Amino acid sequence: MKLWGGRFSKATDGLVDDFHSSISFDQRLYEQDIQGSIAHATMLGEQGIISKEDADQIVSGLRGILQDARDGKIQWHVDAEDIHMNVESLLTERIGEAGKRLHTGRSRNDQVALDTHMYAKVACMDTIHMLEDLIEVLLDTAEKHLHTIMPGYTHMQKAQPITLAHHLMAYAQMFLRDRERFRHAYAAADVMPLGSGALAGTTFPLNRTRVAELLGFSSITMNSLDGVADRDYLLDYMSSASICMMHLSRFCEEMILWNTNEFHFVEMDDAFSTGSSIMPQKKNPDVAELIRGKTGRVYGDLMALLTTMKGLPLAYNKDMQEDKEAFFDARDTVVKSLMVFTAMLRTVTFRTADMERGASGGFTNATDLADYLVRQGVPFRDAHRVVGELVAHCIAENKTLLDLTLPELQQFHPAFESDVYEAISMKACVERRNIPGAPAPDMVMQSIQDARSRLAQ
């Protein structure tokens with residue numbers, strides 16, 4: 001008989017048991033569920049709501065179940081529906097009558113909210129640590145490439161010369177923002193809902209603050225309806241995960257492009273590549289492609305929960321059982337993606353000579369040539385037109401701007417002087433961009449140092 005079966009005159013259909021049960025996935029919450037029950041029972045005993053002897057017996061029984069679960073000795077049962085009922089049924093089997101007192105002053109509604117709050121906190125911390133590992137790799141790699149010149153792009157066309165360090169630090173900034181988002185998600189989860197009951201609290205004199213203290217929460221929820229109906233903290237995590245996966249996907253896309261023969265900017269390590277079943281020469285960047293593909297999966301998880309929640313009246317509805325599979329999948333996907341991407345990035349070989357050659361083509365120093373004329377007193381709009389005409393001339397003559405002689409340059413404007421060649425060298429183009437946030441090596445080094453300081457906070 002179900003623990004809630006007193007009102008019913010017949011058993012639920014077997015199909016309903018299977019359809020209704022969540023133990024196949026919410027067994028992942030056993031640690032949080034048992035720890036939450038230990039704290040709840042401890043408080044019930046301290047408050048005199050149940051006897052101290054019963055509370056001690058419950059706590060001891062729960063600790064035994066927890067250890068057995070960690071050791072893989074427990075078989076969870078579908079007919080007990082979920083992790084909460086499985087644990088409570090097992091406890092009653094082991095310790096008898098006292099086990100029936102555990103659920104005093106509590107509902108499965110606030111119990112599952114507690115479990116997912118606790119699990120979300122752990123998920124946030126795990127993800128933050130993964131992000132910090134990735135950021136450290138980015139900072140270390142950037143520091144090695146402060147002077148590695150490469151082309152920067154807009155519209156996938158070569159635009160201006162930058163450094164590899166500057167490019168990598170753009171991603172470091174993205175992942176630092178992701179870290180802050182997961183910290184916010186942690187704060188949203190760090191609120192204890194137990195004591196909300198089914199929706200209206202309880203008549204028992206629970207000490208909710210004591211339970212929060214025992215479980216390491218910083219505060220308690222302040223509305224019992226919201227306490228059981230809220231899943232914003234899961235959405236905060238999944239939203240952060242979606243944005244993080246988008247950043248990983250963009251990075252992977254660039255790695256895939258740079259790995260092509262056309263770019264030839266990177267060499268992917270054999271350990272993070274695969275081959276073809278028919279083409280013996282192939283070395284495919286499958287890890288990067290798979291992360292790019294899994295990004296859509298995490299987006300789907302987020303949209304699934306948003307869609308589930310959008311039409312639900314207060315308070316709890318069974319639809320909300322659908323929160324866990326999407327959340328677990330998003331958590332697993334982003335953590336695995338961060339782990340494998342970081343390992344892959346550590347092993348990438350950057351072809352610095354090809355990068356520097358790439359920066360020399362495509363007239364990436366054209367803006368610097370216009371800036372040179374501006375420093376000579378020419379209005380920028382006029383300088384822009386002159387350099388555009390010079391670029392057209394170079395294309396017709398199959399030359400670069402640095403190939404032009406001084407007389408050729410002066411045919412287009414008399415302000416050009418012999419120092420123009422130094423001004424538009426790739427090195428000068430990068431080093432003269434020395435305002436905060438720009439690619440000059442000393443500015444990038446400041447950005448690296450700032451990022452290390454932020455990580456240390």
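Trainee: Where does His264 lie?

Mentor: His264 lies in the loop between helix H10 (232–258) and strand S5 (266–267). Those labels come from DSSP runs, numbered from the N terminus: helices are H or I with at least four residues, strands E with at least two. Keep in mind that this is a predicted model: local features need pLDDT of at least 70, side-chain atom pairs count only at pLDDT 80 or more, and totals for chains, interfaces and linings use all residues. Residues are numbered from 1 along each chain as its sequence is written, and side-chain values use heavy atoms, with hydrogens and water left out.

Trainee: Why is His264 called partly exposed?

Mentor: Its relative accessible area is 29%. Buried means under 20%, exposed over 50%, and partly exposed is in between (1.4 Å probe, protein chains only). So His264 counts as partly exposed. His264 also has a positive phi, near 60 degrees, without being a glycine.

Trainee: What makes Met156 partly exposed?

Mentor: Met156 has 49% relative accessibility, so it counts as partly exposed. Its phi is positive too, about 60 degrees, though it is not a glycine. Most residues other than glycine have a negative phi. Met156 is in the loop between strand S1 (149–154) and strand S2 (157–163).

Trainee: How do you know that S1 and S2 pair?

Mentor: Pairing takes at least two DSSP bridges between two strands. S1 and S2 run antiparallel and are joined by six bridges, so they pair under that rule. One example is Tyr153, whose bridge partner in S2 is Lys158. In this hairpin, with two residues between the strands, His155 has a positive phi near 55 degrees.

Trainee: What makes H6 and H12 roughly parallel?

Mentor: Helix H6 (residues 108–144) and helix H12 (residues 323–347) pack at about 15 degrees, with axes 9 Å apart. Axes are lines fitted to C-alpha atoms, for helices over the stretch in contact, and angles run from 0 to 180 degrees between N-to-C directions. Under 35 degrees counts as roughly parallel, over 145 as roughly antiparallel, 65 to 115 as roughly perpendicular, and the rest as oblique. H6 and H12 are therefore roughly parallel.

Trainee: Which class does each residue of the contact of H6 with H12 fall into, and how many are there of each?

Mentor: There are 17 nonpolar, three polar and five charged residues. Ala, Val, Leu, Ile, Met, Phe, Trp, Tyr, Cys and Pro count as nonpolar, Asp, Glu, Lys and Arg as charged, and the others, Gly among them, as polar.

Trainee: What makes H10 roughly antiparallel to H11?

Mentor: H10 and H11 pack at about 160 degrees, with axes 8 Å apart. That angle makes H10 roughly antiparallel to H11. Their contact has 16 nonpolar, four polar and five charged residues.

Trainee: Why does Lys121 count as buried?

Mentor: Lys121 has a relative accessible area of 8%, so it is buried. Lys121 lies in helix H6. Leaving out residues up to four places away in sequence, Lys121 touches Tyr186, Ala189, Asp190, Leu215, Gly216 and Phe217. Contact here means heavy atoms within 4.5 Å.

Trainee: Which residues does a cis peptide bond join?

Mentor: Leu314 and Ala315, with omega about 10 degrees. Ala315 lies in the loop between helix H11 (286–309) and H12. Most peptide bonds are trans.
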